[in-house]
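Subject: Structure for you to look at

Hello,

Please find the structure below, with notes on what was found in it. Comments are welcome.

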Amino acid sequence: MMIFKKAIQRRSFLKGAGAAVALPFLDAMVPALAATGGAGQRPFRIAYVYLPTGRIMDHWIPATTGSDYKLTPTLAPLAEHRKEMLVLSGLDVKAGKGSHSGPCASYMTGITPSKENNTVGISVDQVIAKQIGKETTLASMELGVDPPEWAGGAVDGLAGYYTSTISWMTESTPLPRQVNPRSVFERLFGDTDSLDPEALRRRMESKSSVLDSVSKGVKRLMTSVGENDRHKLQEYFDAVRDIERGIEVTEAKSLNEGFIDTDITRPAGIPVLFEDHANLMFDMMLLAYQTDMTRMISFMLGHEGSDRNYLELGAKDGHHSLTHHKGRQEAIDLVKKIELHQSELLARFISKMKATQDGETSLLDNTIIIAGGAHSDSNLHLHTDVPTLVFGASSKNLKGGRHIRYDGDPVSNLHLAVMEMAKVSSEEYLSEKTDATGVLKGLIA
Amino acid sequence: MESLLSGAAKTYIAKILVLFLLTGSGLVYAQTSTIDASSEASYHRSFLNRYCIACHNETLNTANLMLDRANVDDVSQDPQLWEKVIIKLALRAMPQVGFPIRPTETEYQQMLGYLKSELDTLAKNKVDPGRPTIHRLNRTEYANAIRDLLSLEIDTTSMLPPDNVAEGFDNIAEVLAVSPLLMEQYVLAASKISRLAVGPSSMLPSSEIYTVSEEYLQEQRMNEDLPFGSRGGIAVNHYFPMDGEYNIRIKLARNGEGYIRGMRRENWVDVRLDHERLDVFKVGGEFYGKTGPLFTHSQNPDFAGDADQIGYEFSADKDMEISFPVSAGNHLVAVTFMDDRAKKTGHLTPDLMLLDFANYKGGEAMLDSVVITGPFGETSPGMTPSRERIFTCRPDTGTNQEMCARSILSNLAHRAFRRPVQDVELENLMDLYRKGEKDAGFENGIELAMQRILAGPEFLFRIEKEPANAKPGTVYPLTDLDLASRLSFFLWSSIPDAELLSLAEKGELRKPGILEAQVNRMLADPKADTFIRSFGEQWLALRKIDLAAPQKAVFPAFDGSLRAAMKKELATWFDYMVHEDKSVLDMLTADYTFVNQRLAEHYGIEGIYGDNFRKVTLDTPARAGLLGKAGLLMVTSFNSRTSPVVRGKWVLENMLDMAPPPPPADAFQPELQIQNDEGKALTMKEAMEVHRQNPVCANCHKMMEPIGLALENFDGIGTYRDHYEDANTSVDSSGILFDNAEFRDTNEFKDRLLKHSDRFVHTIVTKLMTYALGRKLEYFDQPVIRDIISKSESDNYTWSSLILGVIESTPFQYRRTPL
């Protein structure tokens with residue numbers, strides 16, 4: 001059962017109309033699915049925040065390791081989270097090949113894409129989603145800010161979607177990313193137009209009956225089509241079953257009714273300004289964790305190799321074009337500005353996670369956030385010593401406040417560590433093609 | 001170099017070196033000038049021996065082709081291989097340029113004639129129409145089907161993710177997958193659409209935001225929906241879900257630091273609903289102290305301005321909202337600036353883009369976004385076209401209610417499923433109706449059943465009926481109903497209308513003359529615009545025009561208006577040719593196009609004023625035909641320069657159906673060298689020559705690059721040029737085409753290309769068929785294509801004759817069971 005906070009009404013004197021009309025100050029409608037329980041009993045959440053198109057590394061990696069390292073300029077906005085943050089350096093996307101698309105596809109899969117078969121491998125978020133996703137309405141969410149159309153044509157013989165997603169449900173199913181915060185909100189909480197609990201209950205029930213009837217229909221069709229055509233309908237049938245499962249989970253949880261305190265409201269659409277857009281997507285992540293709609297979210301702050309224009313930062317050329325600076329100081333400075341901007345957005349998200357109560361601790365304590373990307377120096381398309389930050393997870397004894405340098409270990413080993421914390425079997429991740437060599441050491445202390 | 005090349009590449013280079021040795025030695029070839037007819041081997045075998053097997057033999061296996069082993073005297077052993085050979089010979093692209101000997105024209109024709117007639121005969125005796133798999137409606141088809149089924153015009157593209165693309169189109173059944181996310185979005189869309197179509201009995205206000213791309217400087221009238229004498233702004237066709245009160249909130253564009261642009265002077269913002277003025281707002285030109293500098297750089301604030309004035313410049317648009325009553329349905333909302341400035345003769349070049357525009361607060365005020373919120377106050381569902389369409393009857397008593405619901409739902413399902421509805425299906429729908437009716441009345445019941453229709457597999461999938469118990473590989477004609485669906489999804493990207501459906505149900509679709517009459521009717525219908533948009537945009541890469549990002553530093557002349565004009569030109573041009581039923585060959589030669597003022601200036605055409613597109617005759621031959629269109633020239637360039645490789649590849653792939661293979665795995669892609677070792681700037685041609693020195697790449701690149709270099713007279717946004725700006729050198733667009741023909745410039749190149757117009761027609765039919773069938777074409781489709789083309793010859797390859805040819809072909813009308 002979902003309870004919604006009453007919409008906050010705003011009265012606004014309208015100059016043109018000359019009359020007072022009540023306006024909703026964006027309807028603050030948030031279902032109350034807050035579970036109870038103290039630390040340890042709280043669900044563990046995982047977030048991957050993808051930092052696209054490399055970093056200027058001498059502004060990123062601290063000079064010394066250990067706990068008394070000095071923050072570099074691009075990390076400076078994260079100073080207030082120093083205690084909860086691990087800076088990891090010396091990690092490689094070992095399976096990465098070529099520029100942008102290859103390393104991007106390998107980033108969460110640990111596997112080199114096969115151009116002949118158009119396959120990669122299942123990604124770490126999907127391994128996790130398969131195992132812990134059964135407990136939530138949505139098994140996982142894949143978010144982004146760049147529209148898929150931006151990915152364009154093939155690079156290095158790999159189709160556009162190799163740069164627009166990092167999530168692979170199977171070796172041949174790349175998952176599209178949602179970029180419209182409004183549709184994320186509606187996916188989480190429904191496109192509801194009523195605050196009446198009875199109406200909401202009926203709506204949920206209606207959805208179940210519609211899906212039930214749809215299942216009957218597809219079963220009927222499956223008996224009448226040839227063997228070859230059946231797999232398409234099977235795909236559809238499985239997807240319907242998955243939604244039905246989500247509804248069952250939601251209904252089972254409705255015992256824990258309550259209100260959630262939030263200032264996040266239903267977004268109207270995609271804001272023009274990157275900053276607003278990214279912040280809204282981070283808000284949606286927070287909301288999804290807070291209401292336990294899902295525990296596995298990956299969010300790309302841009303396609304790998306995205307040529308987004310940051311006009312608001314004074315950059316006239318796209319990000320990707322600028323990263324091919326060939327040593328031009330002016331271009332390097334702009335790239336640094338963009339990277340600094342992204343650090344600031346990340347810092348805001350971490351602050352919000354920290355400030356959000358989750359049982360007796362904060363949401364950040366029960367969440368591991370990995371922020372990183374598949375390129376280090378994007379000018380040279382290097383996928384070694386890639387930028388990697390880890391936040392939170394104090395409930396799993398992750399010890400922040402340090403810079404740890406590794407000796408070319410694969411990023412996949414970090415994924416293994418994440419799976420271990422999430423109590424998820426890594427068997428499916430570790431195919432014979434994987435570049436993983438063992439759980440990354442040193443995170444817990 | 002050693003370390004940069006993979007093992008595979010090294011082997012490849014070794015092969016090439018062997019090839020050079022062989023051809024260099026001259027030992028392989030007899031010194032006679034024609035094929036030796038006295039030899040034991042057949043003529044065709046001799047042809048291969050003489051011209052092909054030096055490279056395509058068992059040892060070298062160049063391009064995986066072993067013509068020494070293939071049996072040319074019995075093509076039935078490997079028709080696929082011989083279809084490949086036909087492509088290369090038809091284009092005279094083999095033997096490659098530089099090979100010491102070439103067949104005579106007679107020899108080419110003789111060899112081609114032999115192969116084609118053998119393969120065509122073979123195909124006649126063994127028909128294979130192929131087997132498109134179950135086809136999920138793609139996003140465009142879904143939106144159109146909703147429009148045609150429910151008379152509902154809303155933007156459904158934001159409800160569904162874009163579809164995967166294969167073979168250059170987004171309607172290829174094989175890759176139209178269903179993921180859990182997609183399914184959720186279908187269910188959500190079905191619920192939203194049903195509610196909007198039926199008309200909600202009540203709803204909470206919600207907001208829709210419409211933003212203006214910051215690429216527009218908003219100095220001109222933006223489009224034909226905006227009033228004359230206006231500049232900038234936006235016009236949106238908004239769907240108002242209920243009768244009620246709505247609110248429009250206007251936000252002006254700000255610079256990087258939050259200052260509203262253009263606040264030094266008064267601006268008048270005109271707000272209209274269906275062309276009628278609702279209100280005018282005055283904004284700007286007020287002073288509450290001293291204003292700061294025009295470039296508001298926060299790092300260097302000598303004087304930022306008085307606080308009150310800054311406050312005003314940050315929030316002058318805060319009261320720009322208006323509320324008004326409106327009836328349910330679509331209405332045109334226009335928000336624009338009244339243009340009180342002296343009329344300018346030309347458009348303004350966006351010089352500002354060169355300056356520090358992000359920190360500039362002067363210039364003209366611009367619109368950032370319009371937010372429409374509602375409904376408020378007394379609301380009612382109203383009478384929308386959707387409601388009229390759906391509620392064909394109204395219940396008056398309890399008993400009538402069921403009958404009325406049954407009639408409404410069977411009508412809807414019939415259209416949505418594109419076939420008669422089975423009893424069990426209708427009963428399932430009625431079950432849902434009853435449930436919904438019990439909860440909240442008659443309309444709610446209809447809405448619930450409609451959700452089921454729209455989310456259901458019968459609507460979302462095109463499933464073609466198969467004969468019961470047919471043996472594997474059986475070829476069977478489609479039912480008339482399935483044929484009607486193929487037709488309407490091909491020409492309308494939507495469900496069949498009542499007329500088409502009824503002809504199919506009566507079994508009359510295949511009667512003499514009926515099919516052709518239907519095709520003509522359908523092409524004349526405005527719904528065929530989708531064919532232009534969907535097929536044309538994808539084939540001509542128009543969708544990429546929206547995504548191109550020319551660097552402002554290199555192309556200061558580029559802005560949003562030019563982008564829009566480029567797209568509109570190609571779309572209008574293509575639309576004209578299809579609707580006027582021109583020969584497809586006009587695409588190569590047409591000396592007319594469509595321009596507005598912005599594009600005319602880009603093309604150097606004088607005397608064109610205003611934003612309307614009109615037909616003009618081109619007096620520069622270089623602009624004639626597809627290869628003179630700025631939009632195409634831009635999307636085949638990089639964002640800072642032209643790319644002869646990309647342009648050449650595009651032409652080969654999309655005009656001659658000879659896609660070069662992708663570069664070998666891990667081929668090192670060198671940065672283009674723009675200077676020689678002494679630091680002297682290289683022309684594009686010189687740079688390409690350096691770049692081509694890598695033998696791994698040269699084989700294919702020497703086919704692509706001369707084509708691209710022939711178009712070097714057009715820069716990265718399609719501006720004509722004789723000279724390079726930076727190198728102060730004239731453009732050299734001469735070269736040698738893949739068929740060994742030399743050309744001196746762009747115009748001669750285009751003449752040479754015309755010699756391959758047969759391949760161009762072949763390419764168009766290939767694309768048409770791929771799009772029509774929603775599957776990848778196979779070698780066994782090639783004889784069909786040749787047949788369509790030869791039948792269309794007497795019509796001089798008009799669009800309608802080729803489209804009809806595709807529709808009447810076996811692959812379109814038949815299907816086979818799995819092998």
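How many residues does the contact take from chain B and from chain A? It takes 70 residues from chain A and 71 from chain B, where contact means heavy atoms within 4.5 Å.

Before the rest, the conventions. This is a predicted model, in which local features need pLDDT of at least 70 and side-chain atom pairs count only at pLDDT 80 or more, while totals for chains, interfaces and linings use all residues. Residues are numbered from 1 along each chain as its sequence is written, chains are lettered from A and ligands numbered from 1 in the order in which they are written, and side-chain values use heavy atoms, with hydrogens and water left out.

The interface

About 6500 Å² is buried between chain B and chain A, and carbon and sulfur atoms give 58% of that area. Buried area here is the accessible area (1.4 Å probe) that two parts lose on being put together, summed over both. In chain B, the residues that lose the most area to chain A are L181(B), E184(B) and L204(B), together 9% of what that side buries.

Six salt bridges are found across the interface of chain B and chain A, a salt bridge being a side-chain nitrogen of Lys or Arg within 4 Å of a carboxyl oxygen of Asp or Glu. K435(B) and E205(A) form a salt bridge through their side chains, at 3.1 Å from N to O.

Several elements of chain B each supply at least two residues of the side that touches chain A, including α6 (180–198), β9 (367–380) and α10 (423–440). Helices (H or I, at least four residues) and strands (E, at least two) are DSSP runs, numbered from the N terminus. The most comes from α6(B), with 10 residues.

The chains

Chain A has 10 helices and 13 strands. Of its 445 residues, 62% count as buried, that is, under 20% relative accessible area (1.4 Å probe, protein chains only). Among contacts in chain A with a separation of 6 or more, 73% are between residues 24 or more positions apart.

In chain B, helix α2 (residues 43–51) has seven of its nine residues buried, so it is largely enclosed by the rest of the structure. Those buried residues are H44(B), R45(B), S46(B), F47(B), L48(B), R50(B) and Y51(B). They pack against α3 (79–90) and α4 (105–125) of chain B.

Regards

Terms used: Buried means under 20% relative accessible area, exposed over 50%, partly exposed in between (1.4 Å probe, protein chains only).
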